[in-house]
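Hello,

Here is the structure for your files. My notes follow below it.

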Amino acid sequence: MAGAELSVVLQESATDAQRADPGFLFMFDLIAVGPEPKLRRRQRLESDAHLIVGRASDAEFLINWEPLLSRHHVSLDVEADGVRVSRLDDATNPVFHQGKPIDTVLVAGGGSFVIGNTMFRIVPHGAADSS
């Protein structure tokens with residue numbers, strides 16, 4: 001897309017017009033917050049990104065401090081209105097969203113999900129980490 005302008009969403013959800021624009025980028029950050037202040041990790045998630053969260057060395061978002069996290073626990077897929085979180089078949093422990101166990105859920109910007117004692121927050125890219 002040389003020479004084309006790209007827009008970036010830094011809000012909780014995209015409008016219909018933004019979703020229809022093929023040059024529009026949806027960007028979020030994934031922030032993992034463990035039970036101790038030093039246990040934190042942050043990664044940018046761009047439009048159409050797909051990644052695996054787990055304890056295995058080949059997981060794209062590696063969290064080695066959480067014993068209740070499986071080697072490959074959830075997949076994350078970036079969509080216009082948030083990040084789709086899907087529990088993988090190999091996951092032995094539940095994923096919680098708003099206090100309820102889930103198999104799949106769309107987490108909007110500002111939302112979160114929990115595995116074990118680790119909270120995973122989805123925030124607009126570049127937003128301050130207030131956790």
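Are Phe-113 and Phe-120 buried or exposed? Both are buried (under 20% relative accessible area with a 1.4 Å probe, protein chains only; exposed is over 50%, partly exposed in between).

First, the ground rules. This is a predicted model: local features need pLDDT of at least 70, side-chain atom pairs count only at pLDDT 80 or more, and totals for chains, interfaces and linings use all residues. Residues are numbered from 1 along each chain as its sequence is written, and side-chain values use heavy atoms, without hydrogens and water.

Aromatics. The whole structure holds two aromatic pairs (ring centres of Phe, Tyr or the six-membered ring of Trp within 6.5 Å; planes under 30 degrees apart are stacked, over 60 edge-to-face, the rest tilted). The Phe-113 and Phe-120 ring centres are 4.9 Å apart with planes at 5°, so this pair is stacked. Arg-41 sits over the face of Phe-61, 4.4 Å from the ring centre (the rule: NZ of Lys or CZ of Arg within 6 Å of the centre and within 35 degrees of the ring normal).

Fold. The chain has one helix and 13 strands (DSSP runs, numbered from the N terminus: H or I of at least four residues, E of at least two). Five strands form an open sheet, ordered E6-E5-E7-E8-E11, with mixed pairing (pairing takes at least two DSSP bridges). Its edge strands are E6 (61-62) and E11 (104-107). E7 (74-79) and E8 (82-87) run antiparallel, joined by six bridges. Asp-77 has Arg-84 in E8 as its bridge partner.

Overall, 42% of the 131 residues are buried.

Best wishes
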